Amino acid sequence: MTTSLGVAVLVCSLIFLVWSRFQVTSVGYQISRAKDEQKQLLKINKGLKIEGASLKSLSRIEKIAKGRLGLNNPEPQQMVHLQ
Amino acid sequence: MKTRCSRRFLKLRVTLILLCFIGLFSIIMLRSYQLQILEKERCTELLNKQYRKYVTLPPKRGTIYDREKRELAVSLDVDSVYVRPAEVKDAKETAKKLAPILKCSYQFVLGKITSDRPFVWLMRRISPAQAQAIQSLHLEGIGFSEESRRFYPNRELASNCLGFTGIDPKGLEGIELSYDRYLNGKPGAILLSRDARGRNIYLTSIRQEDATKGYNLQLTIDQTIQHVTEKALEEGIKKCRAQAGTVIVMAPRTGEILALAVRPTYNPNSFWDYQPHQWRNRAVTDSFEPGSTFKAFLASSALEEKTTRPQDVYFCENGAYPFGGRIIHDVHKYGSLTMEEVIKYSSNIGACKIAQTLGEQKFYSYIRKFGFGSKTHIDLPGENSGMLAPPEQWSRIALGTIAFGQGVSTSPIQLITAMSAIANDGMMMKPHLVKTIFDDQGTIIKEIRPESAGRVISPETARQVASILKSAVEEGGTGTQAFIDGYAVAGKTGTAQKVDRETKRYSAHKMTSSFMGFFPAEKPQVAILVVIDEPEGVKYGGVVAAPVFKEIANTLISYLNIAPVTGRLALVKSPAPAATVGNRAFINPVSYQEVSLSGGVMEDAIPDFTGMSMKDALALADKCDITVELSGSGMAIDQSPPPGGSFNNKRQCWIRFQPPLS
């Protein structure tokens with residue numbers, strides 16, 4: 001009876017060991033995929049930041065302001081200095 | 001009987017199964033012993049080859065920001081595509097598919113694919129769209145490697161200053177080069193586990209050494225000022241069809257460079273498409289003969305040594321003065337001029353005579369003190385120290401010519417640094433482009449504080465020179481085109497002949513026109529130097545460079561919120577003084593007289609706003625405590641209630657403006 005119990009515990013332990021190893025590997029894959037995804041998202045984020053910086057370029061904004069919106073630099077007499 | 005037999009059989013079966021398990025387990029144990037202990041070395045090596053992957057992580061380069069933390073240079077990881085020719089099955093078909101995506105010729109791609117080498121780069125740093133297109137083809141033998149690529153989102157903006165990086169990525173020019181050790185991170189490495197299909201598995205026990213990102217730089221350059229400066233320079237060059245140009249905007253009290261514009265320029269995102277001379281930062285690498293701008297330093301030296309006073313009179317020989325075996329000429333013929341007028345009207349003969357009062361040794365020592373002939377040690381590569389021979393090597397005419405900036409050469413950065421010393425009460429500051437170096441967490445690694453380069457002249461002399469330079473921008477002076485209504489501008493023009501490379505003599509047509517100045521003259525916030533190389537048509541610095549100065553200064557007034565001079569004086573045209581004194585030249589056909597805004601205004605009467613600019617009208621209304629309503633733009637042409645009357649209940653006035661007729 002004791003032997004059978006011992007064998008059962010041993011088998012269970014082995015099964016648990018194999019299961020836990022499998023889980024570790026599986027989580028390892030998940031981490032790998034998540035890391036790749038994170039890398040991709042960071043890359044996209046950086047790309048968007050660069051695009052944002054390019055769109056904020058003063059020469060572009062000035063072109064739109066003057067060309068499309070018809071804005072102009074203020075004349076000296078149009079400026080009021082507040083002390 | 002039957003039960004006893006089956007029990008015995010059961011025991012036998014259990015024993016047999018147990019033995020079977022023990023046997024199998026023993027085989028496993030023995031095999032494990034063989035693999036783990038007896039053949040450990042060989043197996044570990046085999047395992048590492050199949051199961052482990054050593055990946056080098058490229059270093060990440062720090063970002064370059066302007067003084068307001070707006071990105072000027074950033075790095076992004078992009079793919080580079082390579083080919084392992086031995087693994088390619090159909091070279092022709094592969095080349096046919098890749099050529100249009102890579103925008104290369106079919107022959108070029110085929111040549112790479114059929115190479116004898118085991119590994120060939122097809123193209124470095126391709127765009128994400130290109131990488132995706134190639135990946136979707138699932139071609140054999142074609143692979144990707146990630147590399148860092150530098151992007152300059154503002155394209156040409158400050159490119160000569162920023163420089164660029166190579167493929168490694170190491171800085172090759174500009175700030176990218178001079179701060180490479182801070183910007184460049186350290187490469188890292190990661191030991192990954194991978195399965196039979198080559199997929200990566202992250203395990204906690206795996207060693208990883210992250211690539212460190214380089215530090216970020218915060219420059220002293222202001223993107224907006226830089227843009228304004230570049231635009232003004234571009235227009236200035238276009239107007240006079242010049243070859244090149246440089247503008248430096250500096251904060252004289254700190255030595256911070258607020259803008260540094262150079263033309264011709266290039267787009268650092270594709271620097272390889274431009275000629276190397278377009279990459280050059282002419283503000284530090286090139287030197288030129290400064291011409292009359294140098295008279296500001298002559299005046300500073302002579303006033304500091306007290307060999308002359310602003311009111312001392314010099315006879316300017318009516319335009320021709322024999323000196324050192326040659327004749328020195330003035331552009332306009334002058335009789336007697338005071339020392340102040342010599343600078344204001346930019347008389348070469350007068351300058352020559354002031355230099356004589358100073359003597360060679362003293363003049364030389366002051367020129368050196370102003371930093372000419374030695375590097376400013378600005379944080380940019382390739383700085384030129386200019387050319388200044390010691391007095392022992394000077395020719396007989398040298399003292400006279402150096403007095404008006406010929407026979408000496410200086411870089412634009414030296415000139416603006418020296419000018420800033422006058423603006424900063426005689427204290428010279430070391431010019432610099434980087435404000436702070438910090439990491440991604442915002443921790444400051446290094447802060448570059450304003451550093452003094454020594455006192456050149458006393459504060460009293462500096463203020464005297466500033467006052468003289470102010471007159472050079474006022475009516476009658478050579479720099480009137482830099483005059484800004486309501487602001488005291490101190491400045492000096494310069495027009496220097498260039499040496500013709502073919503004849504080795506001064507050219508009659510090739511000139512360097514310049515204007516350097518600072519404002520507000522009493523409490524300078526900004527010093528600006530404009531250098532225009534080889535303009536066509538009218539070549540005078542006052543005509544070519546001064547308007548560029550004015551354009552930049554006008555924008556800076558509103559951007560930096562520089563208030564007009566307190567108790568501002570309006571300029572009103574008045575007849576010029578009718579007589580001349582002795583044989584002094586008569587120069588001003590019309591002069592401007594300063595008239596106080598508050599002059600003649602009665603406390604309770606409604607003032608006359610007509611003829612005033614909007615700014616003047618507002619100032620007057622403010623002084624008289626009147627609430628005004630404005631319409632239109634230009635000069636005031638109408639007002640209600642009319643002038644002279646009295647207010648009813650409210651002190652309110654409506655003023656209509658109209659642009660003046662040209």
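Is Glu230(B) buried or exposed, and what is its relative accessible area? Glu230(B) is buried, at 7%. Buried means under 20% relative accessible area, exposed over 50%, and partly exposed in between, with a 1.4 Å probe and protein chains only.

This is a predicted model: local features need pLDDT of at least 70, side-chain atom pairs count only at pLDDT 80 or more, and totals for chains, interfaces and linings use all residues. Side-chain values use heavy atoms, without hydrogens and water.

Glu230(B) pairs with Arg263(B) in a salt bridge (a side-chain nitrogen of Lys or Arg within 4 Å of a carboxyl oxygen of Asp or Glu); their closest N and O atoms are 3.2 Å apart. Glu230(B) sits in helix H9 and Arg263(B) in strand S11, residues 256–263, 33 residues apart. Helices (H or I, at least four residues) and strands (E, at least two) are DSSP runs, numbered from the N terminus. Arg263(B) is buried too, at 10%.

Helix H9 spans 223–240, and Asp222(B) lies in the loop between strand S9 and this helix. Asp222(B) forms a salt bridge with Arg70(B), 3.3 Å from N to O. The two are 152 residues apart. Asp222(B) is buried at 3% relative accessibility, whereas Arg70(B) is partly exposed at 26%.

Arg61(B) and Asp180(B) come to 2.8 Å, N to O, in another salt bridge. Arg61(B) is in the loop between strands S1 and S2 and Asp180(B) in helix H8, so the pair ties together parts 119 residues apart in sequence. Both residues are buried. Shared partners join Arg61(B), Arg150(B), Lys170(B), Glu176(B) and Asp180(B) into one network. Over all chains, the count is 28 salt bridges.

Technical notes
Residues are numbered from 1 along each chain as its sequence is written. Chains are lettered from A and ligands numbered from 1 in the order in which they are written.
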